[in-house]
Amino acid sequence: MQEELKNIEICAIADIKNTNTSEEIDKVRVKYLGKKGELTKVLRGMGKLSSEQRPVIGKIANNVRENIEQSIVSRINKIKQEELNSRLSSEVIDVTMPGQKITLGKKHPITQSMDDLIGIFTKMGFKVAEGPEVESVYYNFDALNAAKNHPSRDMSDTFYIDENTILRTQTSPVQVRTMEKTKPPIRIISPGRCFRNDTPDATHTPMFHQLEGLVVDKGITLGDLKGTLEVFAKYFFGSQTKIKFRPHYFPFTEPSAEVDATCFKCTGKGCSLCKGSGWIELLGAGMVHPNVLRNCNIDPEIYSGFAFGMGIDRLTMMKYGIDDIRLFFENDMRFLNQF
Ligand code: DAH
């Protein structure tokens with residue numbers, strides 16, 4: 001048995017020397033050390049040995065295994081080095097080849113508008129506030145003084161999660177959340193996503209974006225609202241822009257108005273963008289209703305405020321002459337790359 005083992009070692013080492021690739025050496029390993037390998041076969045026979053012989057042969061067998069393993073490792077290292085050397089000499093890297101182009105993304109036009117608006121209002125001292133998109137009926141309607149039978153509360157207009165929870169239909173609930181947490185003076189804007197149960201068409205998508213504004217302090221007047229919106233309109237559409245107020249109704253403001261700006265394309269003469277009127281609708285606004293202040297524990301006898309809300313998607317469409325709101329949400333790079 002001793003001789004058999006020695007023979008195996010000699011043959012194995014000779015076989016190992018003859019290998020030239022990693023696959024070949026793997027085959028040799030299986031041939032000698034594998035489950036059905038030659039060394040394993042001999043070791044299985046050890047049971048028949050006497051108890052004096054067994055440790056002696058065991059030691060030799062271990063030795064043989066170690067020697068075979070060692071010479072496999074050193075052969076593998078040698079083969080790997082050779083394989084690397086031959087790759088290095090055969091493969092040529094052309095360092096003058098142009099690299100892989102990394103295409104930079106850019107901000108979505110709605111995000112660009114949002115950033116523009118935030119820039120304009122923060123320069124006027126507004127802070128950015130945020131609120132949840134999944135909102136309670138209380139914050140979205142009740143606290144904002146919306147009558148229990150207000151049509152906007154309908155299932156057909158609003159996405160309900162359950163009886164008391166909805167996807168917010170406007171950014172106005174952030175007004176209430178802010179007034180509950182902060183004492184006047186308050187000066188915030190709140191951009192964000194809103195949701196309404198609308199069938200998509202050129203001017204409606206069930207998800208859209210608004211920017212809310214709120215100012216509350218002692219002695220705030222309609223004049224402050226007008227001045228603020230005038231500055232905004234001039235920054236956003238150009239310094240020649242004028243604005244006008246049309247009376248309107250919103251539950252959370254009194255008086256309420258819709259605010260128009262002179263068409264920035266024809267400067268008020270009338271064109272296709274403003275449908276010949278010279279004016280484009282900008283936003284809704286008004287003086288914060290005393291009930292809303294009271295709902296937030298702010299005394300309307302001491303404080304007053306103004307609020308406004310604008311559709312960011314619509315303003316962006318106006319600014320860039322985009323005639324279909326759905327284009328914003330189709331992720332077509334040919335469209336998005338134009339802005
Ligand atoms: N939330 C209103 C809407 O979705 C817009 C609006 C109007 C917001 C007047 C205001 C406001 O803060 O004062 O139509």
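**Exposure, rings and backbone angles**

User: At 42% relative accessibility, what does T267 count as?
Analyst: T267 comes out at 42% relative accessibility. Buried means under 20% relative accessible area, exposed over 50%, and partly exposed in between (1.4 Å probe, protein chains only). So T267 counts as partly exposed.

User: Which pLDDT do side-chain atom pairs need in this predicted model?
Analyst: Residues are numbered from 1 along each chain as its sequence is written, and side-chain values use heavy atoms, with hydrogens and water left out. The model is predicted: totals for chains, interfaces and linings use all residues, local features need pLDDT of at least 70, and side-chain atom pairs count only at pLDDT 80 or more.

User: What is the phi of T267?
Analyst: T267 sits in the loop between β8 and β9 (279-288), with helices (DSSP H or I, at least four residues) and strands (E, at least two) numbered from the N terminus. T267 isn't a glycine, yet its phi is positive, near 50°.

User: And N297: buried or exposed?
Analyst: N297 is in the loop between α9 (290-295) and β10. Its phi is positive too, about 60°, although N297 is not a glycine. With 76% relative accessibility, N297 counts as exposed.

User: How are the rings of F121 and F308 arranged?
Analyst: The whole structure holds 14 aromatic pairs. F121 and F308 have ring centres 5.2 Å apart and planes at 25°. Rings of Phe, Tyr and Trp (its six-membered ring) pair if their centres lie within 6.5 Å, and planes under 30 degrees apart count as stacked, over 60 as edge-to-face and the rest as tilted. So this pair of F121 and F308 is stacked.

User: How many residues apart in sequence are the parts that this pair ties together?
Analyst: F121 belongs to helix α5 (residues 109-123) and F308 to strand β10 (residues 304-311). F121 is buried at 0% relative accessible area, and F308 is buried at 1%. The parts the pair ties together are apart in sequence by 187 residues.

User: What is omega for the cis bond of P184 and P185?
Analyst: P185 lies in the loop between α7 (173-181) and β5 (186-195). A cis peptide bond joins P184 to P185, with omega about 5°.

User: How far apart in space are Q240 and T169?
Analyst: Q240 is in the loop between α8 (222-237) and β7 (243-250), and is partly exposed at 38% relative accessible area. In sequence, Q240 and T169 are 71 residues apart; in space, C-alpha to C-alpha, they are apart by 33 Å.
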